[in-house]
Amino acid sequence: MTIDTAKEHAPMALPIVTADQRLAEPRGIKGCIFGRSGIGKTSLLWTLNAGATLFFDLEAGDLAIEGWEGDSIRPRTWTECRDFAVFIGGPNPALRDEQPYSQAHYEAVCAKFGNPAVLDRYATVFIDSITVAGRLCFQWCKGQPEAISEKTGKPDVRGAYGLHGREMIGWLTHLQHTRAKNVWFVGILDQKLDDFNRKVFSPQIDGSKTGLELPGIVDQVITMAELPDAAGKSARAFVCQTLNPWGFPAKDRSGRLDMIEAPHLGRLMEKVHGPVQPAPLRLTYTPLALPAPSAGPAAPDSAPSHGN
């Protein structure tokens, strides 16, 4: 047996990532920020390092950041959104060549846009907004074969929404795997009343699949809301924890954020990247002080006996 043949038949080492390697890896934050229209979500760009931030401008509503000195890209179609995602995140080796985000897709996009090393200067990608991305995606989906009924040849809305959900989840998941960069999605938060006249908050995204699965994809879910301060005056704030008294969508995978944080995205990322709490502090549990069970109805008196 030759040396080359021996190498071919040699067992492959198990690709274990050691703790030291994992801790040394650059880790970007993937998060989404929701809030009502006009609350100041786009203005959060002012709190970021302009030289290291790429503005993914889908809204064409950059009047709030007039004078901001960062770079931007302006996709107008869903195809462009997918192209920018694979250019930013690289190829997914698990996909076939005909699928989006595959090696073939990546090479075609690099041939169009040039060397992806041009993105190395950006530490953060700020996508405004996921609401508009969902609209572009749905518009594209309505023109695909899956959105046309094979029996009648007419539009199939259920087929369009099914494709929309898969497309959006694939796009978000691909950007989520861009390990070395921070990626923030901004979106509008809807407020509705349920059947019991209670306030319910949900992201404004076409279809239901994306809004339901998004919290499981990203690391941080933050609601930018208007809350009363100690003097009773309204002030903007980040709501960052799932258990909050207002019912806002929120999630903190880092375990470093308080329930309420200042609406400054730059400082919030510094805190997320800060020292981690020791495990005993992160895994503590305080028993709930449950109210005592209410007393049941009094037992009825014994019925009087009747003599003969």
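Buried means under 20% relative accessible area, exposed means over 50%, and partly exposed covers what lies in between (1.4 Å probe, protein chains only). By that rule Lys 271, at a relative accessible area of 30%, is partly exposed.

## About this model

This is a predicted model, in which local features need pLDDT of at least 70 and side-chain atom pairs count only at pLDDT 80 or more, while totals for chains, interfaces and linings use all residues. Residues are numbered from 1 along each chain as its sequence is written, and side-chain values use heavy atoms, with hydrogens and water left out.

Let us start with helix 3 (residues 78–89) and helix 5 (residues 130–141). Their axes come within 8 Å and cross at roughly 120°. The axes here are lines fitted to C-alpha atoms, for helices over the stretch in contact, and angles run from 0 to 180 degrees between N-to-C directions. Angles under 35 degrees count as roughly parallel, over 145 as roughly antiparallel, 65 to 115 as roughly perpendicular, and the rest as oblique. Helix 3 and helix 5 are therefore oblique to each other.

Which residues make the contact between helix 3 and helix 5? Helix 3 supplies Trp 78, Thr 79, Cys 81 and Arg 82, and helix 5 supplies Ala 133, Leu 136, Cys 137 and Trp 140; contact means heavy atoms within 4.5 Å. These residues divide into 6 nonpolar, 1 polar and 1 charged. In this sorting, Ala, Val, Leu, Ile, Met, Phe, Trp, Tyr, Cys and Pro count as nonpolar, Asp, Glu, Lys and Arg as charged, and the others, Gly among them, as polar.

## Charged partners

Side chains of opposite charge can pair when their charged atoms come close. A salt bridge is a side-chain nitrogen of Lys or Arg within 4 Å of a carboxyl oxygen of Asp or Glu, and by this rule the count comes to 12 salt bridges. One of them joins Lys 209 and Glu 213, with N to O at 2.7 Å. Both residues belong to helix 7 (residues 209–217), where they sit 4 residues apart, about one turn of the helix. Lys 209 is partly exposed at 35% relative accessibility, and Glu 213 is partly exposed at 32%.

Another salt bridge pairs Asp 219 with Arg 253, their closest N and O atoms being 2.9 Å apart. Asp 219 lies in the loop between helix 7 and strand 7 (220–228), and Arg 253 in the loop between strand 9 (251–252) and strand 10 (260–261), so the pair ties together parts that are 34 residues apart in sequence. Asp 219 is buried at 16% relative accessible area, whereas Arg 253 is partly exposed at 40%. Now back to Lys 271: its salt bridge with Glu 261 has its closest N and O atoms 2.6 Å apart. This pair links distant parts of the chain, with Lys 271 in helix 8 (residues 265–272) and Glu 261 in strand 10, 10 residues apart. Glu 261 is buried, at 13%. Asp 258, Glu 261 and Lys 271 are linked in a network of salt bridges.

## A buried asparagine

Asn 244 lies in the loop between strand 8 (234–239) and strand 9. Is Asn 244 buried or exposed? At 11% relative accessibility, Asn 244 counts as buried. Leaving aside neighbours within four places in sequence, Asn 244 is in contact with Val 239, Ala 250 and Met 259. Asn 244 and Met 259 are 15 residues apart in sequence, and their C-alpha atoms are 7.1 Å apart in space.

The side chain of Asn 244 also reaches the backbone nitrogen of Gly 247 at 2.9 Å. A polar atom of that side chain lies 2.9 Å from the backbone oxygen of Gln 241.

Most residues other than glycine have a negative phi, and most peptide bonds are trans. The peptide bond from Asp 128 to Ser 129, however, is cis, with omega near 10°. Ser 129 is in the loop between strand 4 (124–128) and helix 5.

Tyr 101 has a positive phi near 75°. This tyrosine sits in the loop between helix 3 and helix 4 (103–113) and is buried at 5% relative accessibility. Asn 197 also has a positive phi, of about 65°. It is found in the loop between strand 5 (182–193) and strand 6 (199–203), and at 58% relative accessibility it counts as exposed.

Key: Helix = DSSP H or I, 4+ residues; strand = E, 2+ residues; numbered from the N terminus. Polar contact = N/O pair within 3.5 Å; in protein donor to acceptor, adjacent residues only side chain to side chain.
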